[in-house]
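Thanks for coming. I have one structure to go through today, and I will keep it plain. Please look at the screen.

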Amino acid sequence: MVISCCAVGCANRQGKANTSFYWIPFDVERRQRWVAAISRKDWQPSKYSRICSHHFLQGQKSDDPLSLDYVPSVFAHTKSPEKRRALGSLGNEAEEEIVEEASIRTGIEVTVLVSKMF
Ligand SMILES: [Zn+2]
């Protein structure tokens, strides 16, 4: 099975240069933070879900809870971690809108969004 990244708008697959893939953590609290950061609609990671190293500021995850890379933060729907922090104060609604925008821009999951509307 080809390993590919579960992030919205990311098409990275195993074999791409300078790219590592990480399992979603099993630790409940950290896992929730990863899922929230990944921001896919109605999505829970499966045992096959992995995220690539491109979603970490330093290009790799950190197991230090004080590190910014303890949780992935670089996504198509977040231009920078600063922007994400600013959005955090606006609540979930604003963030959800951005996710939809990002999905439409990249052409991924458009079918899913459309079918949910009807
Ligand atoms: Zn990725």
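From the N terminus on, the order of elements in this chain is β-α-β-α-α-α, which comes to four helices and two strands. Helices (H or I, at least four residues) and strands (E, at least two) are DSSP runs, numbered from the N terminus.

Two notes on the source. This is a predicted model, where local features need pLDDT of at least 70, side-chain atom pairs count only at pLDDT 80 or more, and totals for chains, interfaces and linings use all residues. Residues are numbered from 1 along each chain as its sequence is written.

Now the confidence. pLDDT is the predictor's confidence in each residue, from 0 to 100. The chain has a mean pLDDT of 80, and 65% of its residues reach 70 or more. Where pLDDT is low, the predicted coordinates should not be read in detail.

Next, the inside. A residue is buried if 20 or more other C-beta atoms lie within 10 Å of its own, exposed if 12 or fewer, and partly exposed in between, with C-beta atoms placed from the backbone. Of the 118 residues in the chain, 19% count as buried. A nonpolar core is a set of buried Ala, Val, Leu, Ile, Met, Phe, Trp, Tyr and Cys residues joined through C-beta atoms within 7 Å. The largest such core has 13 residues, and those with the most contacts inside it include Cys5, Trp34, Ile51 and Phe75. Helix 1 (28–38) and strand 2 each supply at least two residues of this core.

What does isoleucine 51 touch, leaving aside its neighbours within four places in sequence? Its partners are Cys5, Cys6, Ala7, Tyr22, Ile24, Ile38 and Pro72. Contact here says that two C-beta atoms, placed from the backbone, lie within 7 Å.

On to the loops. Serine 39 sits in the loop between helix 1 and strand 2. Although serine 39 is not a glycine, its phi is positive, about 60 degrees. Aspartate 42 is in the loop between helix 1 and strand 2, and has a positive phi of about 45 degrees, again without being a glycine. Are these two residues buried or exposed? Serine 39 is partly exposed, because 19 other C-beta atoms lie within 10 Å. Aspartate 42 has 6 within 10 Å, so it is exposed.

Last, serine 73, in the loop between strand 2 (50–52) and helix 2 (81–88). Serine 73 is 18 residues from histidine 55 in sequence, and their C-alpha atoms are 5.8 Å apart.
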